[in-house]
Amino acid sequence: MAVVNHAGSAPRFLRVLNGESFASPPVWFMRQAGRYLPEYRATRAKAGSFLELCYHPELAAEVTLQPIERYDLDAAILFADILLIPQALGQALTFGEGEGPKLAPPVTAADLDRFARADIHATLGPVYETVRRTRAGLAADKALIGFAGAPWTVATYMLAGGALREPAELRRILYSDPGFMGDLIALICDATVDYLIRQIDAGADAVQLFDTWAGGLPEAALRTLSIEPMRDIAARVKAQRPGTPVILFPKGVGAMAPAYAELAEADGLGIDFAMPWDWARAHLSKHVAVQGGLDPMLVVTGGREMEEAARRLKKTFAGVPYIFNLGHGFTPDTPPDHVKRLVEIVREEH
């Protein structure tokens, strides 16, 4: 595929998802708005809590735009959280300082009918307003990414009542009560489609599905719990809003990544920091635009190791559709100056 260097009418981020490639790829970062930025911490303090910030459109739009203003990135990603969906369905959500999210009580089969009747938009309306405000504050050459958690990852939190280290117990539920697990996944799929459609209507240019817990699932379970639900969501979004690119990020799936890349409904595929870059180019880039791959810890340490890795990553994907990103999100100890230097490396034309 020919390398494109001239300016186009659409944001470069969207042009890559449409099959173009650039000598200097478009760049954005997962968790680019967050605790590593002093301006974020100031805005978070103003909001009062993480959830209050998520539901405060003016302040949520402000933090969404902060990394664009600081680093001139090619795309902003909506500031929200993947657990707003279960909260909107009716599960109580709290974020304790230093404790992570809590969903109470853990979901059971008895909850599903009530959850299915919930008006999620009554809760999520402020998120759509954040999208509108953010899009209004972005330049025309910048893209806005909407997002949601993939059904399996959201389900793990709903079933466990919060974060967990290893979802082995949840696989047991799949095997012992597949009907309940299937009904829960279907419920999350329906809510996620509605959620993403509203984000697109409010101004999101593309959407991304995050499946953080996809890694480690046996192949049959991976297809049932991750691949097929994400395909279903992407297909329904595209049927209702044709032309909207969909990016999938199934973390930790290794050699199963081509099963996602080969989906007709996928426009982009995020790769984690453990996936070999040459393998990803050979097996994925002929199907989708590849995104990501850099270890976030390299940005924490910075220096020559980070710079050399970033240049190798660019070189690996030269000539094919590629979006520069991390293999997971920034951590709170990331120095902002290291991010600035990383963006400078990405912008190099040679």
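Tutor: On a 1 Å grid over the protein atoms alone, a cavity is a set of points where a 1.4 Å probe fits but cannot get out, whereas a pocket is an open set with protein on both sides within 12 Å along at least five of seven lines; lining residues have an atom within 4 Å of a point. Grid points are joined across faces, edges and corners, and a volume is the space filled by probe spheres set on the points. The model is predicted: local features need pLDDT of at least 70 and side-chain atom pairs count only at pLDDT 80 or more, while totals for chains, interfaces and linings use all residues. Residues are numbered from 1 along each chain as its sequence is written, and side-chain values use heavy atoms, with hydrogens and water left out.

Student: How many cavities of 30 Å³ or more does the rule give?

Tutor: The count is one. The largest cavity holds about 40 Å³ of space.

Student: What makes up the lining of the largest cavity, by class?

Tutor: Ala, Val, Leu, Ile, Met, Phe, Trp, Tyr, Cys and Pro count as nonpolar, Asp, Glu, Lys and Arg as charged, and the others, Gly among them, as polar. By that scheme the lining has seven nonpolar, no polar and one charged residues. Lys314 is among the lining residues, as are Phe22 and Tyr322.

Student: What is the volume of the largest pocket, and which residues lie nearest its centre?

Tutor: Its volume is about 1,300 Å³. Of the 40 lining residues, Arg31, Arg35, Phe50, Asp81 and Phe95 lie nearest the centre. The lining of this pocket divides into 23 nonpolar, 11 polar and six charged residues.

Student: Why is cysteine 54 called buried?

Tutor: Buried means under 20% relative accessible area, exposed over 50%, and partly exposed in between (1.4 Å probe, protein chains only). Cysteine 54 has 1% relative accessibility, so the residue counts as buried. Cysteine 189, at 5%, therefore counts as buried too.

Student: How many disulfides are there?

Tutor: A disulfide is a pair of cysteine sulfur atoms within 2.5 Å. By this rule the count is zero.

Student: How do you know that the span of helix α7 agrees with expectation?

Tutor: Helices (H or I, at least four residues) and strands (E, at least two) are DSSP runs, numbered from the N terminus. The expected span is 1.5 Å times one less than the number of residues. For the 18 residues of α7 (residues 120-137) that should be 26 Å, and the end C-alpha atoms are 26 Å apart, so the two agree.

Student: Why is glutamine 208 called buried?

Tutor: Its relative accessible area is 0%, so glutamine 208 is buried. This residue lies in strand β7 (residues 206-211).
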